[in-house]
Amino acid sequence: WVNQYLLRRIGAEEYSLVPVLTSLMIFGELFRDAFAGGIGRFLVAAEAKDDSAEVSRIVSSMFPLLTVIALVLALAGAFAVIHVDSLIRVDEAYHVDAQIMLALLILSLCLEIFAAPFSLGLFVKMRFVTLNLVNLFSLLCRIALLFALLFGIGPKALWLVVAMVFGGVLDLAIRIYFTWRLLPAARFQRGLIRWETVATLLSFSLWTTVHGLGNIVQRAAPALLLNRYATPVGVVSFHLGNLPDVQIRRLISAGSRPALPELTTIFTSGGKEALRSFFYRGGKYYLWAAMFLVPGLVVLGEPLIILYVGREYLDTAIVLACILGAYPLVWASAMFYQVAYACGEIRAFNVLNMIVVLATLGLLWLFVVSLQMGAIGAGYAFGLGSGLGHLLIIWPGSLRFIGGSWREFMRKTLLPGCLPTLGAGLIGFVLLQVDPLQTWTRMALAFALVSAVYLVVIL
């Protein structure tokens, strides 16, 4: 609703600053992944062994390094804020707003890196209900502030970033409080600093960084390339078309978060073989969850976008279809990362994932820069790159890793996981032939029917 509200009141030039500037922050997040990405995994393993000394050792060893990284990132960020017009194409009228937005985003990221060792208590203790309630509370506060700014001061893209940063900092502060209460061993003790511990965690974290490079292609590269080689409308069209994918991934990430410490504990006691059945079943559940909205969004995409933001952004429907159309191939093997993380062999996943990422980036350059196809070209690149990459590279690699078979994968994961989408998509197609869905009421009824069919097929 906020996107629709703003796009009807401000220009694409101003609104496009939000996806472009948040895309820049992905490069900063690589630092976080490179140096802090393994802390959670090793704290869970230490807690599973009831080794409080190891928990303190990990926290104490990583804190000085992360403090230095946060300071370096802050200095680099200050330089980026001053020279923001050298990094992205920005209208002079919005130059100051762009600087404020970037400064706030950098501040939030630096705080997150600095406090990383002291904010994982709920994750380590597997208090996921509490963690989700904290996330929900922060989100509601973020929404309340956003509404206050929009209706109290006026519509500006700047308020999206202000509210986003406020919600993130509030969430971080609450998680630090719970860590202090639930995980007393997570304290800095100078005498427990061990550089061998730092080396062990960094060797793991650096491979999680490779996974983070996928975020550059997924979230940063399209907006930055479109900012340079397309129009603001193209930037916004891709952003809107990619938004359902971002939200679906975010929701599934939150829902699957409890699996990581549980799988790590299972691996600690039973080895890799104990995770094979979870790979098959988990892939099916991932497909069911990720593709619940796909039939409606893809089949009914064009009339939905016209109702939402108008014909000016109609390319959004094509972007939507390209990205979500690859979902059966992308999500069937989603358990590969979970299993590799639990086994402490994240490199096995990330080497293959990097090949897919680089192939997608090459296609993105071809369609957006060389062929000048704008938002539609970016959609083609994502659909082809991620879809075929998973089919040809990730699927075979994941089955080799767990010692699985193609027959079991097809029977237990792919076929039952995709069947609801086929049934619901067929119903959506028939509805679209009968009714052009030119009102929100008819669109809502069509979505409800498609979703109902999806659930009936699952049951």
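Are Phe 238 and Phe 382 buried or exposed? In this predicted model, both of them are buried.

Helix 22 covers residues 406–434, and at 1.5 Å a residue its 29 residues should span 42 Å; the end C-alpha atoms sit 40 Å apart, which agrees. There's a kink of about 35 degrees at Leu 414, shortly before the proline Pro 416. Leu 414 is also one of the buried residues of helix 22, along with others including Phe 409, Gly 417, Pro 420 and Gly 428. What covers these buried residues includes helix 14, helix 15, helix 18, helix 21 and helix 23.

Leu 437 has a relative accessible area of 4%, so it counts as buried, the cut-off being under 20%. Beyond its neighbours within four places in sequence, Leu 437 is in contact with residues that include Leu 300, Pro 303, Leu 307 and Met 443.

Now for the rings: the structure holds 21 aromatic pairs. Take Tyr 177 and Phe 178, whose ring centres are 5.5 Å apart with planes at 70 degrees, so that pair is edge-to-face. Back to Phe 238 and Phe 382: their centres lie 5.6 Å apart and their planes are at 50 degrees, so this pair is tilted. Phe 238 belongs to helix 12 and Phe 382 to helix 21, so the pair ties together parts 144 residues apart in sequence.

As for charges, the charged end of Arg 281 sits over the ring of Phe 278, 5.2 Å from its centre.

How values were computed:
Residues are numbered from 1 along each chain as its sequence is written. This is a predicted model: local features need pLDDT of at least 70, side-chain atom pairs count only at pLDDT 80 or more; totals for chains, interfaces and linings use all residues. Side-chain values use heavy atoms; hydrogens and water are left out. Helices (H or I, at least four residues) and strands (E, at least two) are DSSP runs, numbered from the N terminus. The expected span of a helix is 1.5 Å times one less than its number of residues. The bend at a residue is the angle between axes fitted to the seven residues ending there and the seven starting there. Buried means under 20% relative accessible area, exposed over 50%, partly exposed in between (1.4 Å probe, protein chains only). Contact means heavy atoms within 4.5 Å. Rings of Phe, Tyr and Trp (its six-membered ring) pair if their centres lie within 6.5 Å; planes under 30 degrees apart count as stacked, over 60 as edge-to-face and the rest as tilted. A charge sits over a ring if NZ of Lys or CZ of Arg is within 6 Å of the ring centre and within 35 degrees of the ring normal.
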